[in-house]
Amino acid sequence: MSRSMRALVAVAAGEPTDVLRLESRPVPTPDAGQALIRVKATPVHASDLHVLRGRYGFSPEFPAVGGNMECVGRIADLGPQTEGLKVGERVVVAAIPAVPGPPVAGTWQEYLVADTYRLPAVPEQLSDSSAC
């Protein structure tokens with residue numbers, strides 16, 4: 001049986017109040033070198049809103065889960081042969097421009113999959129908003 005999660009999805013480019021919908025989607029599964037993150041908090045950047053409006057340097061293929069920078073959460077699962085992290089560990093999913101590979105996208109959902117090199121640990125005493 002597959003689990004489902006909530007995601008804030010843009011159905012087209014436009015004003016966020018007009019194009020965002022709360023949808024149920026399947027929880028993704030991490031591959032080797034990846035972790036499944038249970039998202040606790042994610043910021044809303046001005047750039048996120050410009051992407052939704054079609055006024056940024058790129059436009060996602062719609063429908064698309066919003067959020068393109070980072071979030072904080074806990075590792076819920078690890079992909080096969082993935083080492084160096086633990087289930088339950090608190091991490092930030094970080095957009096690291098100097099690192100090759102796909103950008104972080106779709107942070108406005110309850111779970112997301114990220115490459116482990118994008119997952120620095122977060123001290124417990126740091127608030128979720130400060131970690132974001």
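Select V65 and display the residues around it. Leaving aside neighbours within four places in sequence, V65 is in contact with A7, L8, V9, R25, G106, W108 and Q109. This is a predicted model, and the tour describes it as such. V65 lies in strand β4. Is V65 buried or exposed? V65 is buried, because its relative accessible area is 16% and the limit for a buried residue is under 20%.

Next, select strands β2, β1 and β4. These three strands form an open sheet in the order β2-β1-β4, and the pairing is antiparallel. Its edge strands are β2, residues 20-26, and β4, residues 64-65, each of which pairs on one side only. As a general point, strands of a sheet pair through backbone hydrogen bonds, either parallel or antiparallel.

Strand β1 covers residues 4-10 and is joined to β2 by seven bridges, the two strands running antiparallel. To find a position on this pairing, select S4, which stands opposite P26 in β2.

**The sheet of four strands**

Select β6, β5, β3 and β7. They form an open sheet of four strands in the order β6-β5-β3-β7, with antiparallel pairing. The edge strands here are β6 (90-93) and β7 (111-115), and each pairs on one side only. From one strand to the next, the twist averages 50°.

- Select β7 and β3. Strand β3, residues 34-41, is joined to β7 by five bridges in an antiparallel arrangement. Q34 is found opposite D115 of β7.
- Select β3 and β5. Six bridges connect β3 with strand β5, residues 71-78, again in the antiparallel sense. L36 is placed opposite D77 of β5.
- Select β5 and β6. These strands run antiparallel and are joined by four bridges. The bridge partner of R74 in β6 is R90.

Select R90, which lies in strand β6, and show its side chain.

A polar atom of the R90 side chain lies 2.6 Å from the backbone oxygen of P123. The R90 side chain also reaches the backbone oxygen of L126, at 2.8 Å. Beyond the neighbours within four places in sequence, the residues in contact with R90 include V72, G73 and R74, as well as P120, A121, V122 and P123. Also among them are E124, L126, S127, D128 and A131.

**The ring of Y111**

Finally, select Y111 together with R3 and R38. Which residue has its charged end over the ring of Y111, 5.3 Å from the centre? It is R3, whose charged end sits over that ring. R38 lies over the face of Y111 as well, 5.4 Å from the ring centre.

With ring centres required to lie within 6.5 Å, the count of aromatic pairs comes to zero.

Methods:
Residues numbered from 1 in each chain as written. Predicted model: local features only at pLDDT ≥ 70, side-chain atom pairs only at ≥ 80, totals over all residues. Heavy atoms only, no water. Pairing = 2+ DSSP bridges. Axes fitted to C-alpha atoms, helices over the stretch in contact; angles between N-to-C directions. Phe/Tyr/Trp six-rings, centres within 6.5 Å; stacked < 30°, edge-to-face > 60°. Lys NZ or Arg CZ within 6 Å of the ring centre and 35° of its normal. Polar contact = N/O pair within 3.5 Å; in protein donor to acceptor, adjacent residues only side chain to side chain. Contact = heavy atoms within 4.5 Å. Buried < 20%, exposed > 50% of the residue type's maximum accessible area, 1.4 Å probe, protein only.
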